[in-house]
Amino acid sequence: MIASSVPATPYLEDASGYRGEAEQAFAPSDVQQLREIVLAASAKKIPLTIAGAGTGLTGARVPHGGWIVSMERFRRLEVQSGMAICGAAVSLQELQHAANKAAQFFGPNPTEYSASIGGVVATNAGGARGFRFGSVRGHVLSLEVTFMDGRTIRFRRGERVDFPIRSIRRPTTTKNSAGYFLEPGVEWVDLLAGSEGTLGILTEAELQLLPIPPAILGGIVFFPTDEDALNAVDDWRVVPALRLLEYLDGPSLDLLRPMQPDIPVKAQAALLIEQDLESQNDEEVDCWVERLAEHHAFENESWFGFSAAERDRFAEFRHTLPAMIVDRVRRNGWPKFGSDFAVPINRSRDLLAYYRRRGDDLLPGQYVIFGHIGDANVHVNLLPSTAAQAKLGEELMTDFARYAVSLGGTVAAEHGIGKTKVDLLKLMYSESEIEAMRDVKRHLDPDCLLGRGTIFAA
Ligand SMILES: Cc1cc2nc3c(=O)[nH]c(=O)nc-3n(C[C@H](O)[C@H](O)[C@H](O)COP(=O)(O)OP(=O)(O)OC[C@H]3O[C@@H](n4cnc5c(N)ncnc54)[C@H](O)[C@@H]3O)c2cc1C
């Protein structure tokens with residue numbers, strides 16, 4: 001009899017709307033209890049699916065049978081100078097809040113604050129500040145992991161895997177969360193981050209924290225045309241100490257208008273920015289007047305602020321959009337048609353133009369584009385309203401993926417492959433590269449029990 005059994009129902013879907021089923025669920029409160037579950041599952045050959053906060057967008061934490069292990073009781077949180085020790089269940093919000101109290105912050109900022117540390121490490125999440133700080137993987141100092149043979153090991157940065165690994169090509173994008181990070185002698189931390197709960201169970205992570213800069217300018221800049229906004233993106237990439245560059249197209253603004261009446265009536269696109277400064281009197285502040293004028297932005301109707309409350313308001317403005325889409329998807333019953341493709345920076349406009357051309361052909365007026373334009377990782381979200389349109393949406397997503405790969409891009413920049421994007425992995429990697437990933441999987445989880453159906457078809 002295993003302790004810590006809990007009802008399975010809350011873990012049978014994630015934010016993508018993908019649904020599954022399970023025989024039993026457990027919420028162990030320590031490594032010892034986790035070990036009992038793992039050993040029992042191994043002995044009986046029962047698949048285990050690891051659940052974080054369920055904000056994932058690829059069905060990765062959704063089981064198809066077997067047992068669920070929810071990590072919700074691993075709640076240790078300790079902030080030190082330059083780093084935080086986080087149990088798997090600590091949320092991003094809790095981490096940022098605790099770090100802020102010590103005048104520090106966690107660089108990457110996957111925008112869904114209720115996501116768990118276990119989840120953001122397991123998916124190698126990115127987010128709005130990836131433009132400056134990269135994805136989560138690069139900020140992991142150590143990971144404590146339980147493997148399917150019951151061993152729990154803490155791996156520190158610098159410790160390399162002790163078994164042969166074949167390398168696979170990596171896209172020339174700034175972010176990638178498609179499949180395992182494989183190269184000979186890869187560090188354990190880099191292999192496990194982004195492995196989507198298929199190689200081991202992350203129980204605790206030490207994450208790097210950075211000092212909060214003396215001042216931060218936040219803003220939402222509105223533009224009369226999309227072209228003006230895209231020209232600004234090209235120029236603003238090199239603005240010193242810019243740490244965020246996010247995009248919302250006209251239809252995205254239209255979705256937000258009922259809740260945000262002060263969006264300028266004539267705005268057809270917006271960019272969110274954040275810039276680190278030496279002080280609020282930094283001469284960089286004045287440069288924005290010129291920058292806005294140069295790109296015909298609405299100078300008086302754009303929003304700027306220095307306070308954390310203002311930045312939170314701007315972030316909330318941006319975050320409301322994916323949250324609305326997730327909500328709409330849940331209500332209308334179609335799967336979520338949201339892309340997570342990224343391309344090399346110099347192909348960003350090609351990808352956007354392609355989304356528009358194909359979207360206007362097949363689903364005119366029924367898609368929005370927004371997201372991490374600083375990383376050439378904007379999300380196109382299709383909003384079909386009939387079954388026939390949903391079918392078109394499915395085809396369109398595969399078409400977009402093919403195009404992104406043809407530009408040297410990735411099919412998953414920050415959300416992972418999960419279960420809903422398994423077929424897309426094959427567009428990006430050769431059979432032999434996927435086999436190299438399977439070799440690693442077999443080495444660490446010989447019966448393929450962990451996260452079955454995620455990354456690799458069941
Ligand atoms: C509105 C909205 C906005 C979002 N914006 C962003 C964004 O900007 N950037 C971004 O990167 N993502 C974003 N996401 C996606 C999501 O927040 C991330 O994928 C996040 O990393 C998932 O964390 P989670 O705790 O919810 O994990 P879950 O959804 O529970 O699980 C995700 C995967 O991680 C594995 N996992 C979870 N915990 C562990 C563990 N302890 N050990 C091993 N494996 C584990 C699961 O098995 C599964 O494979 C957004 C989601 C929503 C709903």
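The chain holds 13 helices and 18 strands, and the model you are looking at is a predicted one. Its radius of gyration is 22 Å, close to the 23 Å that the globule rule gives for 458 residues, so the chain is as compact as a globular protein of that length. Here is a friendly tour, from the whole chain down to a few of its strands.

**Overall dimensions and packing**
- Along the principal axes, the C-alpha atoms fill a box of roughly 65 × 55 × 40 Å.
- Of the 458 residues, 60% count as buried.
- If we take contacts between residues at least 6 apart in sequence, 72% of them join residues at least 24 apart.

- The accessible surface comes to about 18000 Å², and carbon and sulfur atoms account for 52% of that.

**The open sheet E1-E2-E4-E3**
- Four strands make up this open sheet, in the order E1-E2-E4-E3, with mixed pairing.
- Strand E1 (5–6) and strand E3 stand at the edges with a single partner strand each, so one side of each is left without a neighbour in the sheet.
- Strand E2 (residues 24–26) runs parallel to E4 and is joined to E4 by 3 bridges; here alanine 25 stands opposite isoleucine 68 of E4.
- On to the next pair: E3 and strand E4 (residues 67–70) also run parallel, with 4 bridges between them, and leucine 48 has tryptophan 67 in E4 as its bridge partner.

**Both faces of E3**
- In a regular strand, side chains alternate between the two faces of the sheet.
- Strand E3 (residues 48–51) is covered on both faces. Leu48 and Ile50 are buried on one side, and Thr49 and Ala51 are buried on the other.

**Strand E10 and its partners**
- In strand E10 (residues 201–208), 7 of the 8 residues are buried, so E10 is largely enclosed by the rest of the structure.
- Strand E6 (residues 83–87) runs antiparallel to E10, and 5 bridges join the two. Within this pairing, isoleucine 85 stands opposite glutamate 206 of E10.
- Strand E8 (residues 140–146) also pairs with E10 in the antiparallel sense, over 6 bridges. Valine 140 has leucine 207 in E10 as its bridge partner.

Terms used. Residues are numbered from 1 along each chain as its sequence is written. This is a predicted model: local features need pLDDT of at least 70, side-chain atom pairs count only at pLDDT 80 or more; totals for chains, interfaces and linings use all residues. Side-chain values use heavy atoms; hydrogens and water are left out. The radius of gyration is taken over C-alpha atoms; the globule rule is 2.2 Å times the number of residues to the power 0.38. Buried means under 20% relative accessible area, exposed over 50%, partly exposed in between (1.4 Å probe, protein chains only). Contact means heavy atoms within 4.5 Å. Accessible areas come from the Shrake-Rupley method with a 1.4 Å probe; for residues, only the protein chains shown count as cover. Two strands pair if DSSP finds at least two bridges between them.
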